[in-house]
Amino acid sequence: MERFEKIKKNLENSLVIKDKMLEITSKVNDLNTQSLLKLEAQLNRVSETKAWKFMCLLRRVNEQFIKGSKLEKKNFIRWTVSKLTKKPILKNQELKRFSPIESFKIIHVDKEQFKQLHYESINSESHYHPNIPSKVGLNVVDGVDIFRFPVIEWNFRWQRPQQICSQFANNGHRVFYFSIETTPISNPNINKQDIANYIQVQQLQNNVWWVKLCSFNFLNAYRNTIEDKMDIKFLEWSIDYLKTKFCIKSTISILDLPYWAPLVYSLNNNKIIYDCMDDHAGFSTNSVDMLSAEDLLVHKADIVVASSKKLFDKVISKNNNVRLIRNAGEYLHFATEPKELAPELNNFKGPVIGYYGAISDWFDIELIEKLAKNNKQWIFVLVGDTFGCDTSAVEKLENVILTGEKPYSDLPKYLYKFDVCLIPFKVSELTLSTNPVKIYEYLAAGKPVVSTRLPELEFIGEELVALASNYNEFEIKIKAALVSNDLHKIESRKQYAVNNTWYNRYNDFKQLIDNDFFQLVSIVIVTYNNWSFTKQCLETLFNNNTYPNIEVIIVDNASSDETKIELARISHPRLKVIFSPKNLGFSGGNAVGCQAAKGKYIILLNNDTILSEGWIEKLIKPLKEHDDIGMTGPMSNSVGNDQMLDYFVGDPINGPDPSWLQDFYFFNRNKIRYTNLLGFYCVAIKREVYEVVGDLDTNYGIGMFEDDDYCERVTAVGYKLAIVEDAFVFHHGSVSFKKLEDSKYRQTFENNKKYFEKKWNKEWKLPNPPASIFYNAIDATTIRNKIAETKKRPVLILGHTIWQETNTLTNELIKFLSSKDELLVISSIYQSYNQELIGIRKLGASLYFTNRIDLFTETEFEFVIYCGNNEINEFIKSDKIIIVGKFYDDDFIGKIKRNHQNVLLVDENVEEITKELSIGVNIDAKKKPQQDIKVFERT
């Protein structure tokens, strides 16, 4: 039996490997076919040019008339006569016979033949079996993950942090609740991988994990601060480990204390909610530094949630994105009387006046003492920890019972022994800002409540809560509550609790998250055959997606390959497939998809794209932040306008090189550029724009010029178009059009061009080229002039000529200097990301790599930094030369000094170098990226 299972497992593994090999072979086959079709189309266009025909004529004269046999010479004469008399030319006498390039036939491999080797073919709908699962691997994790940086431990007093987290978990979100203490690792030599041996992760319930992070020193949220660099590094490593272990991509961090802020500011792809539940100035234990940290947190948080109106009023002046979400209660837990009540209260005679919760310095213990002494027939039961409160006087009274802290699960056992419930707080800034959780729990049980007069309880109303301002009022209202047994009042209390549950508060949180952070994005994809490309697009879309609120609408334009069958097999909660009985074309297919879309933003996406993490967030960010921007598009490796990258590293199987992509994001972060045309391989549209402008014009048929047309329509109603320079989408490029015959392609192009020009009454112009200032600049004079036009200070870095991921001095300098908008950074780089670099290539808004320093002979640099490059470039012009001494000997330095007067020697220290350059010395690798987007007008 064991042997059989082993054979079965090996067979299954073999089939998986075969499937993977088939998939890769199929993909490569499709890519090669596309390349050959593109080459064939280009050769056909070349063969129609006069230059090509003239070359073929010369070859004919040479091969037939000069060097040919008698028969060939006769054929030449016949051809010449036919041409002069305009008679038909025989096929074997056509000029293309003398083309130097032989025609070729593209052989298409039938992929189904491979499939039949180990599973049934599905090349027709009659073979479709619904029980066969899709071969598309889609990530089905739905919803954003929650990081809770709390004020209390999970198993301490059950309050707002745990309640809200439980609601998120119950509704499908994964919640990671952090301990308020860390595990210290007092070893500066450990590496990132070692963190896995120290971090503690424990699943508490479905979708909730308790996590104890690691730090260098021991940290406690109440006694310490997060400021030591080693502590921050270890904490960040802990978070990275957690994100890797659980495949966490997009997070919302809910902070209860400013203590956590330095860590949370450093997190990527993360939104910050500060849940302000207390007036921290009211706690005697809080320092001035902590209050200052809270001010900064209120300012930097994406949303501040206040649990009371007084707290709301306090923070609204510091952050314009504040929401009031009061506390609540777990109705079902407190609305039903337990079968067994607290046994230690069974033998008491007389009414029980009760309270549960923290008994600290804000608790009016003197009020309890006076009430107990003057009303000895009443039994006062105080449930809770008494840290911070002097209870020595009441401990001597026979009618006052201090039970100590009790588990949350046991609180109803005490509550249902109470005849009257109390909230006896002293009046202070702390309590005036409090929205007591216990009020909702008291009311869920229908109990009468007497409380200190607090603003949040005044909001509830005195018909539900009796409010007292002094001892006499407390005594009078307790007596009144003891004799009242109004069923209508009991029902009103319970109804108020029903309307204020933690589920209601979760919905408040969820609504603000959806509306402010993750409004629904609809992604519309039109397909027509080319299943291997669609499969790759969908897998990268879902598996690399970090935006938690999307719907994907696929409109299939009557595909004739396996596309329809494979799409029908896919099951995903965020995916909807619409099958059109006929080919509606690009415009018609997108119209169907857009009409079905519900999102605040609509993205039209080609199926021949590869998606990377973060592309949605980057693409829609300008639409959120700029009212006048109607559409945005990303940069790409293949597009016919100024969205085209000047330098790209990647391949059609895996998409962009990961290292290149990270640098691309870094060097272009938060940059957008206005344009007059966006390529519709990927474009994001505001719903309000779509509703005004409408669908794409279906008169363009199968496609071409419909994107030019729509851009005209959007700008005509007053909106701008923007290229998001730190967003990237890989594009294979016109996969469907490459399959058209060249003549049909050109005919479609010409017809649609005429329609566009007639519709807009203007001549169509070629789109803008890649947005490099050195585009088509091939001489030193042009380059000098182009640099001068930027009005930026040119800087030359002569460091290591191979760009690597490692943090070399060259890397640090380039990354720091290129972040300064006033500088234009040129660096001598011959190879990057294992790819040879040729010419002058744009890496970022203010950064260019080049292997042609000789093209800068006429450029006057603001300063030049030698930091690893051993070539002496005597022609370089600059008033200031900086040399990092450790890389050079005295002979090299002497030669530099002979060519330049102002030469400065420095150590290998970025701060020292930048200080000498007078451009800032604060190099903070952990600094949160600037939130404001920089907009550059296209010239």
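Predicted model: local features only at pLDDT ≥ 70, side-chain atom pairs only at ≥ 80, totals over all residues.

Me: How many helices and strands does the protein chain have?
Reply: Helices (H or I, at least four residues) and strands (E, at least two) are DSSP runs, numbered from the N terminus. The protein chain has 30 helices and 41 strands.

Me: What share of the residues in the protein chain is buried?
Reply: Buried means under 20% relative accessible area, exposed means over 50%, and partly exposed lies in between (1.4 Å probe, protein chains only). Of the 939 residues in the protein chain, 52% are buried.

Me: How many residues does helix H3 have, and which of them are buried?
Reply: The expected span of a helix is 1.5 Å times one less than its number of residues. H3 (residues 70–85) has 16 residues, and from first C-alpha to last it reaches 23 Å, close to the expected 22 Å. Its buried residues are Glu72, Asn75, Phe76, Trp79 and Ser82. They lie on the same side of H3, because they cover an arc of only 130 degrees around the axis (taken from the directions from the helix axis to the C-beta atoms). The face turned away from that side carries Lys70 and Leu84, which are exposed. Just after H3, Lys86 has a positive phi of about 60 degrees.

Me: What do the buried residues of H3 pack against?
Reply: Two packed helices are described by the angle between their axes and the distance between the axes. Here the partner is helix H2 (50–66). Axes are lines fitted to C-alpha atoms, for helices over the stretch in contact, with angles from 0 to 180 degrees between N-to-C directions. The axes of H2 and H3 come within 7 Å and cross at roughly 135 degrees. H2 and H3 are therefore oblique to each other; angles under 35 degrees count as roughly parallel, over 145 as roughly antiparallel, 65 to 115 as roughly perpendicular and the rest as oblique. Contact means heavy atoms within 4.5 Å, and the residues making it include Leu57 and Phe65 of H2 and Phe76 and Trp79 of H3.

Me: Is strand S25 buried or exposed?
Reply: S25 (residues 671–675) is mostly covered, with 5 of its 5 residues buried. Lys671, Arg673 and Thr675 are on one side, and Ile672 and Tyr674 are on the other.

Me: Which strand pairs with S25, and in what sense?
Reply: Strands of a sheet pair through backbone hydrogen bonds, either parallel or antiparallel. Two strands count as paired if DSSP finds at least two bridges between them. S25 pairs with S27 (residues 720–728) in the antiparallel sense over 4 bridges, and Ile672 stands opposite Val724 in S27.

Me: In what order do the 7 strands of the open sheet run?
Reply: The order is S34-S35-S31-S29-S37-S39-S40, with mixed pairing. S34 (840–844) and S40 (903–906) are the edge strands, each pairing on one side only. From one strand to the next, the twist averages 20 degrees. S34 and S35 (residues 847–850) run antiparallel and are joined by 4 bridges, with Ile840 opposite Thr850 in S35.

Methods. Residues numbered from 1 in each chain as written. Heavy atoms only, no water.
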